[in-house]
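Subject: Handover of a structure, with notes

Dear colleague,

I am handing over the structure below, together with notes on what was found in it. Please read the notes with the coordinates open beside them.

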Amino acid sequence: MSAAEDLHPATVLVFFALVISLTVFILHPVVVSCSFVGALLFSALLRGLRATGKLLAGLLVLAAFAVALNVLFAAGTLRYGLVLAVMLAAALLWFSCYNVVVTPDTFLATVGRIVPSLALTISLALRFVPRYLRQLKRIAAAQRGLGKEAGRGLRARLEQGFATLAILTNWAFESALDTADSMRARGYGTGGRSAYAPWRFTRRDGLVLAIILACAALVVLSSATGALSVRFLPSFQMSAPIAATVAFALLCLLPALLELRKELVWRTLSSRI
């Protein structure tokens, strides 16, 4: 279990919401660079270097594609495209870390007390992507087992792809009907529902949440006053306020610092046994 999972889910949700929002909406080179480094370190500590390297390789391809599209079709500069690509990679890395730390059950138990319908909808939507990917792999394996592998030609590949997509769509409709029947059988929508939450908001959660909110407030204030404004065209501004830079860097590095602290405490206690 990671250090982030030891915190109260509300604290974790606030962190991811703020760091992703600031990364996306404050398109500044310093901001996106700090966000990318923090997300990369956190991902490496959560998954390991090999899994993070594979994820980063895919993100680099996506980032290069985004740069090319920006330069060719959006009449933007190469530097603006690079910042946009780093922002995209950082946001996707944070989302990947979110999927590891925050499970659908955790999200539903935390947000479900406030907005039950919205929490259930988001929880169902988040679990669809991994379910569809797993089912797609099963369908492809079954097709190979039946000897219906795609040919080498483009037409054969397209036909096989459409056939697989049709099978996946049918499975998705059947799965949706099963989910609806299951929810109806369990009495969903017939009245008030209670939720069990095995978490307690401790002083450590309060301290971490205060640090998160203070760092985010300083960055937002700097952005509102124009200190973090970006002028890509015709000039390219790289400077940023030192206080806002340090605050956002601390915000992005906070999960990695918590992980390293937990590892250090564990090694210290283990050495005393």
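This is a predicted model: local features need pLDDT of at least 70, side-chain atom pairs count only at pLDDT 80 or more; totals for chains, interfaces and linings use all residues.

Residues are numbered from 1 along each chain as its sequence is written, and side-chain values use heavy atoms, with hydrogens and water left out.

The protein has 10 helices and 0 strands, where helices (H or I, at least four residues) and strands (E, at least two) are DSSP runs numbered from the N terminus. Of its 273 residues, 33% count as buried; buried means under 20% relative accessible area, exposed over 50%, and partly exposed in between, with a 1.4 Å probe and protein chains only. Among contacts (heavy atoms within 4.5 Å) between residues at least 6 apart in sequence, 77% join residues at least 24 apart.

Two helix pairs deserve a description by axes, which are lines fitted to C-alpha atoms, for helices over the stretch in contact, with angles running from 0 to 180 degrees between N-to-C directions. Helix H3 (residues 29–47) and helix H10 (residues 242–271) have axes that come within 9 Å and cross at roughly 0°, which makes H3 roughly parallel to H10; angles under 35 degrees count as roughly parallel, over 145 as roughly antiparallel, 65 to 115 as roughly perpendicular and the rest as oblique. Residues making this contact include Cys34, Gly38 and Phe42 of H3 and Phe248, Cys252 and Glu259 of H10. The contact of H3 with H10 divides into 14 nonpolar, 3 polar and 1 charged residues, with Ala, Val, Leu, Ile, Met, Phe, Trp, Tyr, Cys and Pro taken as nonpolar, Asp, Glu, Lys and Arg as charged, and the others, Gly among them, as polar.

H2 and H5 pack at an angle of about 170° with their axes 9 Å apart, so H2 is roughly antiparallel to H5. Among the residues in contact are Phe16, Val19 and Thr23 of H2 and Trp94, Cys97 and Val101 of H5. Here the division is 15 nonpolar, 1 polar and no charged.

Leaving aside neighbours within four places in sequence, phenylalanine 42 is in contact with residues including Ala4, Phe16, Trp94, Cys97 and Val101.

With a disulfide taken as a pair of cysteine sulfur atoms within 2.5 Å, the count comes to 0. Cysteine 252 is in no disulfide, the nearest cysteine sulfur being that of cysteine 34, 6.1 Å away. Cysteine 252 is buried, at a relative accessible area of 0%, and cysteine 97 also counts as buried at 0%.

Finally, two single residues. Threonine 164, in helix H8 (residues 154–185), is buried at 13% relative accessible area.

Best regards
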